[in-house]
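Here is a short tour of a protein model, written for reading alongside the sequence and the 3D view. Have both open as you go.

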Amino acid sequence: MNDAIPLQNYTLVITGAPYSSQAPQTALSFARAAIAAGHTVDRVFLYGDGVHLASALSAPPSDETHWPDEWAGFLKEYTIPGVVCIASALRRGLINEKEQKRYKLPASNLLEPFIIAGLGEWVEGTMASSRVLYFHAGG
């Protein structure tokens, strides 16, 4: 009997914010383990308070893990799209240069390689992936 797990292609949805939930940490641990086991991650979608993970203005104390930088490095290393829900981002003050100009705001603060997009990216991820996993704030 073959006990091998078939290779999976995951979309990860993170709704919990860094520093007030374990969602980003747990999701990153899962993503690293999945890739180490030969699985793939199609994309990471940030929704709700999870969009804070894509802020270029996060500045945790030096003795704490910088979760936005950890995620940005991981996404770049494996060329995984990091998609930020535009509605959640705008409500929480997270914008790219395009939205900065559109709303005539003084600055943008989206961390690379994250991109801002709509729920269509989430729908596409659910169709392209064999599994969609959600990482919520809990509570």
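## The nonpolar cores

The largest nonpolar core holds 28 residues, and those with the most contacts inside it are Leu-12, Ile-14, Val-44, Leu-46, Trp-71, Val-84 and Phe-114. Two or more residues come from each of strand 1 (9–14), helix 1 (23–36), strand 2 (40–46) and helix 2 (67–78). A second, separate core of 5 residues includes Val-13, Phe-45, Val-83 and Ala-117. Here a nonpolar core is a set of buried Ala, Val, Leu, Ile, Met, Phe, Trp, Tyr and Cys residues joined through side-chain atoms within 4.5 Å; buried means under 20% relative accessible area with a 1.4 Å probe, protein chains only.

This is a predicted model: local features need pLDDT of at least 70, side-chain atom pairs count only at pLDDT 80 or more, and totals for chains, interfaces and linings use all residues. Residues are numbered from 1 along each chain as its sequence is written, and side-chain values use heavy atoms, leaving out hydrogens and water.

Five strands form an open sheet in the order 4-3-2-1-5, with parallel pairing (two strands pair if DSSP finds at least two bridges between them). Strand 4 (115–117) and strand 5 (131–135) are the edges, each pairing on one side only. Strands are DSSP E runs of at least two residues, and helices are H or I runs of at least four, numbered from the N terminus.

Strand 1 is joined to strand 5 by 5 bridges, and Val-13 stands opposite Tyr-134 in strand 5.

## Asn-96

Asn-96 sits in the loop between helix 3 (86–91) and helix 4 (97–103). Asn-96 is buried, at 17% relative accessible area.

Technical notes:
Buried means under 20% relative accessible area, exposed over 50%, partly exposed in between (1.4 Å probe, protein chains only).
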